[in-house]
Amino acid sequence: MIRYGQQDITQDDIDAVIAILKSINLTQGPTIAQFEQSVARHTGAKHAVAVSNATAALHIACLALDLGPGDWLWTTPNTFVASANCALYCGAQVDFVDTDSRSYNMCPVKLEEKLAAAAKIGKLPKIVIPVHLAGQPCDMAAIHALGQKYGFRIIEDASHAIGGRYQGEPIGNGRYSDITVFSFHPVKIITTGEGGMALTNNDHLSIRLGLLRSHGITRDPALMTQPLDGSWYYQQVALGYNYRLTDIQAALGVSQMTRLTQYVSRRHDIADRYNRLLTNLPLTLPWQHPDSYSAYHLYVIRLQLDKIQRTRLQVFDSLRAKDILVNLHYIPVHTQPYYQRMGFKAGDFPEAEGYYQEAISIPMHPRLTEAEQDFVIESLGEAMGL
Ligand SMILES: *Cc1c(COP(=O)(O)O)cnc(C)c1O
């Protein structure tokens, strides 16, 4: 069985987890800060807040930026539903900006057009969430410039993108955004089982994120509104959640971080090889912006359906029949039944919908062998009837 993505767990990872299991702190211990510092150091972000998953990180990122009823959040339709759901958790409304035809990321030109129209009717977004699809960064300089002009805040959904770079700098350094979110689900670049992180350079946002992660409770006298009763004392100063990561997971994260650069470089080797060996098939291969060094979470091909006698469904099923567990990223969020009930319709975002008709994510992960890759390539040709 060849999966589209999967984790790599070494003996060092296992030893790191066992060491925590034998220690006193299974959660709320020092390994959390160690993991946070490791990711902050790698990205150059000032603060990092580890949480139970990226969905939780998106939720508290929206709350930290004061998203609430009456506000709008815009994201891309070509993403996992979590990038949009976070707005609904806060009682805000969601809208989408269609994608760019080459990168499949949020299109800054369409964003600007939509902002100009929204400004006229007083419905500008409070937050925009660009998503770095497949690990390739969005055009952050352009999106940030629009944020300055139209007054919205930016959360980067970098769930696919830890280890990637934009304009030569690590994704997550926050140069063009308020908060960046990473996911550590097993199919992503590094894993903690479940896990996520929110990064920011803003001291105030970092404090807010920390409070929201753990019930809105603080033990820091500087954050308390009343005098300390004693050393047992804590205060709830906001309404937060239990979105904590455990030390067991953080230990896995610290250990995985030591191989982040190696993982992304291996993913580039696999992509280069696909690029070389798939070049003669009727496919559109992943285009890379010159400013981008992708983390290559996914390798997405688009079938040129006018050049083959098979449907996308047939190609997909024929690969799956050979135990090549291809996947599809993504079903446009606005076409989900839940979103259709809010009034979105097929046809609203034609670029993302057209992409969806042709896209397949083929296997891409650091453990993929050359023999497996050759089998995928050969099977792909057969699946397309060539
Ligand atoms: C995986 C993913 C998420 C959610 O991550 P979890 O850690 O599973 O909550 C959010 N956005 C995107 C784009 C993702 O790929």
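1. Let me start with A61, which counts as buried because its relative accessibility is 0% (buried means under 20% relative accessible area, exposed over 50% and partly exposed in between, with a 1.4 Å probe and protein chains only). A61 is part of helix α3; helices (H or I, at least four residues) and strands (E, at least two) are DSSP runs, numbered from the N terminus. From the C-alpha atom of A61 to that of K149, 88 residues apart along the chain, the separation is 22 Å.

2. A word on the basis of these points: this is a predicted model, where local features need pLDDT of at least 70, side-chain atom pairs count only at pLDDT 80 or more, and totals for chains, interfaces and linings use all residues. Residues are numbered from 1 along each chain as its sequence is written, and side-chain values use heavy atoms, with hydrogens and water left out.

3. Now to the ligand. The ligand is surrounded by 15 residues, and the closest are T55, D157, H160, S183 and K188; a residue is near a molecule or strand if one of its heavy atoms lies within 4 Å of it. By residue class, the shell around the ligand has five nonpolar, eight polar and two charged members (Ala, Val, Leu, Ile, Met, Phe, Trp, Tyr, Cys and Pro count as nonpolar, Asp, Glu, Lys and Arg as charged, and the others, Gly among them, as polar). Helices α3 (54-64) and α4 (82-89) each contribute at least two residues to this shell.

4. Please look at the polar contacts too (pairs of N or O atoms within 3.5 Å; within protein, one must be able to donate a hydrogen and the other to accept it, and residues adjacent in sequence count only if both atoms are side-chain atoms). H160 places a polar side-chain atom 2.7 Å from an oxygen atom of the ligand. For A54, a polar backbone atom is 2.8 Å from a ligand oxygen. K188 has a polar side-chain atom 3.0 Å from an oxygen atom of the ligand. Of the 380 Å² of accessible area that the ligand has on its own, the protein covers 93% (Shrake-Rupley method, 1.4 Å probe; for residues, only the protein chains shown count as cover).

5. As for its site, the ligand sits in the second largest pocket. On a 1 Å grid over the protein atoms alone, a pocket is an open set of points where a 1.4 Å probe fits, with protein on both sides within 12 Å along at least five of seven lines. A molecule sits in a pocket if more than half of its atoms lie within 2 Å of its grid points.

6. Some backbone geometry deserves a look. The H329 to Y330 peptide bond is cis, with omega near 10°, and Y330 is placed in the loop between β16 (324-325) and α11 (337-340). D66, a residue other than glycine, has a positive phi near 65° and belongs to the loop between α3 and β3 (72-75).

7. Y296 is not a glycine, yet its phi is positive at about 50°. The loop between β14 (292-293) and β15 (299-303) holds Y296, which counts as buried because its relative accessibility is 3%.

8. Finally, two partly exposed residues. A33, in helix α2 (residues 30-43), has a relative accessible area of 31% and is therefore partly exposed; A33 and A50 are 17 residues apart in sequence and 8.2 Å apart in space, C-alpha to C-alpha. K123, in the loop between α5 (108-120) and β5 (127-129), is partly exposed because its relative accessible area is 39%.

Key: 1 Å grid on protein atoms, 1.4 Å probe; cavity = no way out; pocket = protein on both sides within 12 Å on 5 of 7 lines; lining within 4 Å.
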